[in-house]
Amino acid sequence: MKEKEGRGAAGDGLPDIDKRLQEDKRLKEMVSPLLEWYDSHARILPWRGSPSPYAVWISEIMLQQTRVEAVKPYFDRWMKAFPTLSSLADASEAEVLKLWEGLGYYSRVRNIHKTAKLVAEKFGGSLPSSFEALRNLPGIGEYTAGSVGSIAFQLPVPCVDGNVLRVTARLTADPADIGAAATKKHITEQIRAIIPEERPGDFNQAMMELGATVCLPNGLPRCGECPVAFLCEARRLDRIVEFPVKSGKPPRKIEKKTVLILLNENGTAAAFRKRPENGLLAGLWEFPNFDGELSDGKIRQILDASGLKISSLVILKRVKHVFTHIEWDMTGYLAVVKGRNSGQASAVMETDSSCNNALDFQWIDIKLMFEKLALPAAFKSYYQILKGVAV
Ligand code: SF4
């Protein structure tokens with residue numbers, strides 16, 4: 001219903017059926033010039049060429065986290081450490097998390113690890129080659145199964161990301177909201193209908209490449225460089241800035257936090273705790289912290305009550321960290337303390353169980369911590385402070 005109304009509203013008065021036929025024709029005509037353009041303009045990337053299905057999969061998940069340029073060093077490091085899926089399956093969770101450090105969404109890397117173990121056990125260490133079998137693996141959704149299936153196994157299946165949605169919406173001047181599931185479904189079917197059997201992986205990559213390098217977001221497409229400009233309906237109508245239509249996201253929830261950098265007196269160990277195994281930053285290590293913005297008086301009171309003797313306490317700059325749906329607005333304190341075995345820093349132990357109480361922490365050797373633990377980027381500014389004061 002929504003799609004029908006939307007397409008009618010953007011059109012030039014043609015009945016919907018004619019409009020749809022025109023859209024399909026336009027998309028079909030795009031295939032050949034797009035592939036030609038891709039052959040001469042595709043960026044040379046470490047995961048392109050003749051990559052293994054495993055390399056395609058890892059790069060695709062990393063690319064869901066961040067920009068291509070930022071992914072390159074992560075991808076190189078990863079493939080050096082785990083050159084095969086079996087080597088990844090044999091690695092410890094701590095090693096895997098550490099290599100992902102800074103990419104965020106750690107649940108994705110846990111799923112990668114889980115899938116590697118499962119594939120090693122059930123599929124002899126090679127990713128399965130059917131869309132359905134890929135789709136059934138932990139952390140592999142329709143998009144990832146489509147990209148791995150088409151790029152690594154030449155399956156004629158679509159993979160529709162934000163780039164593909166934007167390019168298609170502009171090419172067809174589609175007024176439907178690209179954030180809506182119905183629009184994504186419709187565009188996925190449009191792409192499925194035109195995907196060339198002989199080069200499905202290249203076609204999918206070409207669509208994404210066009211979106212990433214030419215048909216740019218935020219009203220800034222480089223139409224002069226576009227190989228399919230002659231087919232673009234938004235351009236013909238001179239309404240490029242109106243497409244794609246995207247409804248605004250709800251505002252992020254802001255949560256105030258108070259973070260404590262607790263340092264032992266000789267400056268060799270800091271207090272860390274492991275987050276609960278579920279939820280945001282599940283199972284990762286963090287500084288002790290409390291909900292809300294606490295005064296230094298309150299912090300003194302809390303530390304005192306927990307058996308820690310404060311030698312010094314300073315307030316730190318405020319830090320913000322933005323997650324997808326929430327934002328942390330953090331107040332920090334650096335305290336040098338005695339007590340609670342502060343002289344006995346432990347080596348990092350993977351088996352340590354998580355805790356819910358902010359002051360159920362362990363003293364961790366600071367050097368070991370930076371070497372071995374995956375540290376969430378949310379506390380990045382505080383790690384810098386810790387590095388500056390640690391011995
Ligand atoms: Fe995008 Fe411009 Fe090409 Fe249309 S002509 S697909 S708006 S880059």
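Which residues are around the ligand? They are R170, C215, P221, C223, C226, A229, C232 and R235. This is a predicted model, so treat the picture as a prediction. The shell around the ligand divides into six nonpolar residues, no polar ones and two charged ones. The ligand also has a space of its own: the space it takes is the largest cavity.

Rolling a probe the size of a water molecule over the atoms shows where empty space is left. The largest pocket holds about 1,500 Å³ of space. Its lining has 43 residues, and L63, Q64, D161, G162 and N163 are the closest to its centre. Helix 3, helix 4 (68–81), helix 9 (142–153), helix 10 (162–171), helix 11 (181–194) and helix 12 (200–213) each supply at least two residues. Which helix gives the most to the lining of the largest pocket? Helix 10 does, with five residues. By class, the lining of the largest pocket has 19 nonpolar, 11 polar and 13 charged residues.

The second largest pocket has a volume of about 650 Å³. In its lining are 29 residues, and those nearest the centre are Q65, G104, Y105, Y106 and L281. Here the elements that give two or more residues are helix 4, helix 7 (106–122) and strand 5 (309–322). Helix 7 gives the most, with seven residues. The lining of the second largest pocket divides into 14 nonpolar, 11 polar and four charged residues.

Is Y105 buried or partly exposed? Its relative accessibility is 44%, so Y105 counts as partly exposed.

Next, follow helix 12. Of its 14 residues, 11 are buried, so the helix is largely enclosed by the rest of the structure. Among the buried ones are P200, F203, M207, M208 and L210. Buried residues of helix 12 also include N204, Q205 and E209. How does the length of helix 12 check out? At 1.5 Å a residue, its 14 residues should span 20 Å. Its end C-alpha atoms are 20 Å apart, which agrees.

P51 lies in the loop between helix 2 (16–41) and helix 3 (53–63). Along the chain, P51 and I151 are 100 residues apart.

Is the peptide bond from F243 to P244 cis or trans? The bond is cis, with omega near 0°.

Methods:
Residues are numbered from 1 along each chain as its sequence is written. This is a predicted model: local features need pLDDT of at least 70, side-chain atom pairs count only at pLDDT 80 or more; totals for chains, interfaces and linings use all residues. Side-chain values use heavy atoms; hydrogens and water are left out. Helices (H or I, at least four residues) and strands (E, at least two) are DSSP runs, numbered from the N terminus. On a 1 Å grid over the protein atoms alone, a cavity is a set of points where a 1.4 Å probe fits but cannot get out, and a pocket is an open set with protein on both sides within 12 Å along at least five of seven lines; lining residues have an atom within 4 Å of a point. Grid points are joined across faces, edges and corners, and a volume is the space filled by probe spheres set on the points. Ala, Val, Leu, Ile, Met, Phe, Trp, Tyr, Cys and Pro count as nonpolar, Asp, Glu, Lys and Arg as charged, and the others, Gly among them, as polar. A residue is near a molecule or strand if one of its heavy atoms lies within 4 Å of it. A molecule sits in a cavity or pocket if more than half of its atoms lie within 2 Å of its grid points. The expected span of a helix is 1.5 Å times one less than its number of residues. Buried means under 20% relative accessible area, exposed over 50%, partly exposed in between (1.4 Å probe, protein chains only).
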